[in-house]
Amino acid sequence: MQKRLMISFIIIMCLTLTLSYMLFLNIYSSHIVKIIKNELYKDADNLFLFLSEHDDVEGYLNSYVNETGNNISVVYDGKQINSSQGVSKEIINNLTNRLKESDKSDLIRISGNERIIAVGESSPDRAISVFISASYDKYAGFGVDEWTYLIVIFTLCLAVSILLWYRFIFHITRSIKNITRVVSDITDGNYEELIHYEYDDEMGELVKAFNLMANKLKSIMEEMHDRNSKLEAVLKGIVNGVIAIDDHGKIILINEAAKKILNLSNTDVIDKYLLEVIRNYRLSQELDSYIHKKTKNNVDFEINLPQNKTLKVYINPIVNSELANKTIGTVIVFNDITELKRLERIRSDFVANVSHELRTPLTSIMGFVETLKEGNIKDEATTERFLDIISLETERLTRLINDILTLSEIENVREDVKKDVIGIKDLIEDITYILDSKAKEKNVNILIKIDPEDLKIIANRDRIHQLFINLIDNGIKYNKENGTVIINVWKEKCNINISVKDTGIGIPREHIPRIFERFYRVDKGRSRKLGGTGLGLAIVKHIIESMNGDIVINSEPGVGTEFLITLNGVCDNLT
Ligand SMILES: Nc1ncnc2c1ncn2[C@@H]1O[C@H](COP(=O)(O)OP(=O)(O)OP(=O)(O)O)[C@@H](O)[C@H]1O
Ligand SMILES: [Mg+2]
């Protein structure tokens, strides 16, 4: 652009200077003609003066020609006296005709390359007429000096104009370049740069307006960025999944929680159709009917995903208040209620199980009490047996209620504050003493290994007691005749490891994940026959959780089972 402007300017400048030169020549030549004519008239007047006092016309004419180089002719008494060359006949005739009307007359003729200026003058009595002609070039012709002078002036004018013009163009193009640079900076998100322009002209106005616009744009972008950050922070902080879709069902926004719930952490789903991402018939139907419905009330429903997840979904419209409340999309908010559902199921299972477990011994007790009350049983041995059963069922009921109470107590007091120093050896020996008759019934051998032997831990004695008794009881109950239960306790830094291993029936692999659920039993009939309620391991798990410990089961059906427990930070520093 700078180059094009420069070329155009040089052309305009050359044209202007040429036109100026021509105009100057025109004015100059008319001026010179006027001067020449005046000179020639003066010469004519001098000749009249001379003739009034002298007679030597020819001598005067010759000296005049020699002096001036002009041609001169005089007509008087019908005679024409010429200088050496004289004025041309055609000019004399022309001027003579004109002198009839006036006593002075002049003309300009071109002869070859020469311009001739001629004047004619008659004496007041019209007796004498003088004609003088002169070459214009002799007076006005430009010499080398004049031409040099003209060329120098011309070149100087051109150079100064080009310089000034260049400065002007440079300023304009520099400002345009600056604007272009700042525009591209703005496109790249850099709003800091402003344009500097030192003149207070139209370009200055443009630059000012541009800077103002850039500033405004900057503050708008900052505001938008601020809003976006807040929105992002809010969306990030929300534990619910949030997905916004446009009118075509394409995802325009998704928060981290949604990605986590839908296992999409490393997938870019923006611009994808929602139903491509969540393939669910119910969701697609609800969304379809919602989008095509006129009244947009909020909708909520539950869906099940293939990855065994249950979501509670809420659909809300995105309304643009600036566009006359036009709906421009839909927000889908969802909660992962899988855990809630599981807990709900456990709770209702628990209630059903408790009722069932309570009803069974109660029905049995009631039945025997009724029979005894009727008084039909006269046989003492039978009565004794009935009373034994009633006592057994009552015991069972008591144990069941105690277990439920223990569970609920552990659940309610998550952080155990009661700390006792417990000698592990004594504790286990007490337990084996309690369970001795049960072990003997099956001829199960109990082996105990504690390292160090005098190992002491700091914890709630009742809970640790309960933990060991439940595990050792299972080890005996689900063991084979002549089997073994090996109890191993060892210290590792400040952690205590407990292993209760038996050589019993083992637990099939598919049952292991559910073994800690309340009332869950692998073989219900067998467990019931053995007097179990199915709460033992649930209590163990809760005790371990309350102590921030871990439990692992290694089991092989027909070979045996090992419960491996780690209790963290329970060591007594004295041992
Ligand atoms: N050592 C084990 N070997 C084989 N199966 C076991 C063992 N321990 C537990 N189980 C299985 O796990 C189920 C749940 O055990 P849990 O101790 O919770 O209940 P329970 O022993 O049946 O009753 P409770 O302990 O309340 O008297 C048992 O019914 C049994 O099927
Ligand atoms: Mg048990």
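Start with burial: color the protein by accessibility, and 38% of its 575 residues count as buried. Keep in mind throughout that this is a predicted model.

**The whole chain**

You are looking at 16 helices and 17 strands. The radius of gyration is 63 Å, well over the 25 Å that the globule rule gives for 575 residues, so the protein is more spread out than a compact globule. Along the principal axes, the C-alpha atoms fill a box of roughly 205 × 65 × 40 Å. If you display contacts between residues at least 6 apart in sequence, 59% of them join residues at least 24 apart.

**Stop 1**

Select residues 299-305 and 309-320, which are strand 8 and strand 9. These two pair in the antiparallel sense over 7 bridges. Show side chains and find Asn 304, which stands opposite Thr 310 in strand 9. Now look at the hairpin itself, where 3 residues lie between the strands and Asn 308 takes a positive phi near 55°.

A handy landmark here is Val 319, standing opposite Thr 327 in strand 10.

**Stop 2**

Look for Lys 501, which stands opposite Glu 562 in strand 17.

**Stop 3**

Most residues other than glycine have a negative phi, and most peptide bonds are trans.

- Asp 451 and Pro 452: a cis peptide bond joins them, with omega about -5°. Pro 452 sits in the loop between strand 12 and strand 13 (456-459).
- Lys 493: its phi is positive, near 50°. Lys 493 belongs to the loop between strand 14 and strand 15, and at 78% relative accessibility it counts as exposed.
- Phe 519: phi is positive here too, near 65°. Phe 519 is in the loop between strand 15 and helix 15 (524-529).

Is Phe 519 buried or exposed? At 2% relative accessibility, Phe 519 counts as buried.

**Stop 1: two helices packed together**

Finish with residues 461-477 and 536-546, which are helix 14 and helix 16. They pack at an angle of about 140°, with their axes 9 Å apart, and the crossing is left-handed.

Which residues meet at this contact? From helix 14, display Arg 463, Gln 466, Leu 467, Asn 470, Leu 471 and Asn 474. Their counterparts in helix 16 are Gly 536, Leu 537, Ile 539, Val 540, Ile 543, Ile 544 and Ser 546. Color by class, and the contact shows 7 nonpolar, 5 polar and 1 charged residues.

Key
Residues numbered from 1 in each chain as written. Chains lettered and ligands numbered in written order. Predicted model: local features only at pLDDT ≥ 70, side-chain atom pairs only at ≥ 80, totals over all residues. Heavy atoms only, no water. Axes fitted to C-alpha atoms, helices over the stretch in contact; angles between N-to-C directions. Helix = DSSP H or I, 4+ residues; strand = E, 2+ residues; numbered from the N terminus. Left-handed = near helix turned anticlockwise from the far one by under 90°. Contact = heavy atoms within 4.5 Å. Nonpolar A, V, L, I, M, F, W, Y, C, P; charged D, E, K, R; others polar. Pairing = 2+ DSSP bridges. Rg over C-alpha atoms; globule rule 2.2 N^0.38 Å. Buried < 20%, exposed > 50% of the residue type's maximum accessible area, 1.4 Å probe, protein only.
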